[in-house]
Amino acid sequence: GKIVDLTKLQLICMVGEYDLFRLKEGLPAEVRVDALKGLKLQGKVERIPKFAKAGTGAQDAASGAAAQFEVVISL
């Protein structure tokens, strides 16, 4: 993921199509950072897209890879 706005502190993370259907807006989220052992950030799911990220279409479908969606989590 990447941090997009330091005043709001949102995280954009890529979620596969199989996991996407288990998410809902407003659902609580816990984010762990590999570089900072023991740090757990609390947040909630802000936005779930309706369409997969561009570039995750026919090529990935042919290879059997799941489509990827950009989910926004506020921290």
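User: In this predicted model, does Leu 36 count as buried, partly exposed or exposed?

Analyst: The relative accessibility of Leu 36 is 46%. Buried means under 20% and exposed means over 50%. The value for Leu 36 falls in between, so the residue counts as partly exposed.

User: Where is Leu 36 found, and which residues make the nonpolar surface patch?

Analyst: Leu 36 is found in the loop between strand E3 (28-32) and strand E4 (40-47). The patch covers about 220 Å². Its members are Val 33, Leu 36 and Leu 39.

User: What is the order of elements from the N terminus on?

Analyst: The secondary structure comes to 2 helices and 5 strands. Read from the N terminus on, the elements run β-β-α-β-β-α-β.

User: In what order do the strands stand in the open sheet?

Analyst: E1 pairs with E2 in the antiparallel sense over 2 bridges. E2 is joined to E5 by 7 bridges, and E4 pairs with E5 over 3 bridges. E3 is joined to E4 by 5 bridges. The order in the open sheet is therefore E1-E2-E5-E4-E3.

User: Which strands stand at the edges of the sheet?

Analyst: The 5 strands form an open sheet with antiparallel pairing. Two of the strands have a single partner strand each, so one side of each is left without a neighbour in the sheet. These edge strands are E1 and E3.

User: Is strand E2 largely enclosed or largely open, and why?

Analyst: Strand E2 spans residues 10-16. Of its 7 residues, 6 are buried, and buried means under 20% relative accessible area. For the protein as a whole, buried residues make up 25% of the 75 residues. Because 6 of the 7 residues of E2 are buried, the strand is largely enclosed by the rest of the structure.

User: Which residue in E2 is the bridge partner of Lys 2, and which residue in E5 is the bridge partner of Val 15?

Analyst: E1 (residues 2-3) pairs with E2, and Lys 2 has its bridge partner Ile 12 in E2. E2 is also joined to E5 (residues 68-74), and the two run antiparallel. In E5, the bridge partner of Val 15 is Phe 69.

User: Which residues stand opposite Ala 29 and Val 45?

Analyst: E3 and E4 run antiparallel, and Ala 29 stands opposite Gly 43 in E4. E4 and E5 also pair in the antiparallel sense, with Lys 44 having Ser 74 in E5 as its bridge partner. Val 45 stands opposite a residue in E5, namely Ile 73.

User: How many salt bridges does the structure hold?

Analyst: One of them joins the side chains of Asp 19 and Arg 22, at 3.4 Å from N to O. Another joins Glu 30 and Arg 32, at 3.6 Å. The structure's total is 4.

User: How many residues apart are Lys 53 and Glu 70?

Analyst: The side chains of Lys 53 and Glu 70 meet in a salt bridge (3.5 Å, N to O). The pair links distant parts of the chain, with Lys 53 in the loop between E4 and H2 and Glu 70 in strand E5. Lys 53 counts as partly exposed at 39%, and Glu 70 is partly exposed at 29%.

User: What distance separates the C-alpha atoms of Phe 51 and Glu 17?

Analyst: Phe 51 has its place in the loop between E4 and helix H2 (58-63). The residue is exposed, with a relative accessible area of 69%. Phe 51 and Glu 17 are 34 residues apart along the chain. Their C-alpha atoms are separated by 9.9 Å.

User: What share of the accessible surface belongs to carbon and sulfur atoms?

Analyst: The accessible surface of the protein comes to about 5700 Å². The share that belongs to carbon and sulfur atoms is 55%.

Notes: Residues are numbered from 1 along each chain as its sequence is written. This is a predicted model: local features need pLDDT of at least 70, side-chain atom pairs count only at pLDDT 80 or more; totals for chains, interfaces and linings use all residues. Side-chain values use heavy atoms; hydrogens and water are left out. Buried means under 20% relative accessible area, exposed over 50%, partly exposed in between (1.4 Å probe, protein chains only). Helices (H or I, at least four residues) and strands (E, at least two) are DSSP runs, numbered from the N terminus. Two strands pair if DSSP finds at least two bridges between them. Patches are made of residues with over 30% relative accessible area and no salt bridge: like charges are joined within 9 Å, nonpolar side chains (Val, Leu, Ile, Met, Phe, Trp, Tyr) within 5 Å. Accessible areas come from the Shrake-Rupley method with a 1.4 Å probe; for residues, only the protein chains shown count as cover.
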